[in-house]
Amino acid sequence: MRFLADENLNNDIVRGLLRRKTDLDIVRVQDAGLSGADDPTVLEWAAREGRVLFTHDVSTITHYAYERVSAGKAMPGVFEVSRELPLGVVIEDILLLAECGLEGEWNGQVRYLPLR
């Protein structure tokens, strides 16, 4: 499974993920040349690249994600990550998704972390 970390996602999460699983396929929005891009642009890039998006943005990204789904456009999935969660919980949940998730499993879905 391939992931995209939104620009607003705490970079400590990405660093922790890569410490635990060095071969995790995760790209930060900043590293994809999308710094400052609007949500529809980020979602379009994620869809083209087949990457599930992790974000702290619970205010606008959901609307655009469901808009893509309603329009019949690809949307590999969005996970909204609560800022209130301890980093270790977020990292464990994402690693669980990476280890146990199936390619395409989250297509068209918006989910929330924690998984519990």
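**Close-up 1. Arg15 and Asp12 pair up within helix H1 of this predicted model.** Both residues belong to helix H1, which covers residues 11–20. They sit three residues apart, about one turn of the helix. Look for the salt bridge between Arg15 and Asp12: the closest N and O atoms are 2.3 Å apart. How exposed are the two partners? Arg15 is partly exposed, at 43% relative accessibility, and Asp12 is also partly exposed, with a relative accessible area of 34%.

**Close-up 2. Lys21 forms a salt bridge with Asp23.** Here the closest N and O atoms of the pair are 3.2 Å apart. Asp23 has 56% relative accessibility and so counts as exposed, the cut-off being over 50%.

**Close-up 3. Glu99 and Lys21 form a salt bridge between a helix and a loop.** Their closest N and O atoms are 3.4 Å apart. Glu99 lies in helix H4 (residues 87–100), whereas Lys21 is in the loop between H1 and strand E2 (26–28), so this pair ties together parts that are 78 residues apart in sequence. Glu99 is exposed, with a relative accessible area of 53%.

**Close-up 4. Which residues are linked with Lys21 in a network of salt bridges?** The network joins Lys21, Asp23 and Glu99. Lys21 bridges to Asp23 and also to Glu99.

Notes
Residues are numbered from 1 along each chain as its sequence is written. This is a predicted model: local features need pLDDT of at least 70, side-chain atom pairs count only at pLDDT 80 or more; totals for chains, interfaces and linings use all residues. Side-chain values use heavy atoms; hydrogens and water are left out. A salt bridge is a side-chain nitrogen of Lys or Arg within 4 Å of a carboxyl oxygen of Asp or Glu. Helices (H or I, at least four residues) and strands (E, at least two) are DSSP runs, numbered from the N terminus. Buried means under 20% relative accessible area, exposed over 50%, partly exposed in between (1.4 Å probe, protein chains only).
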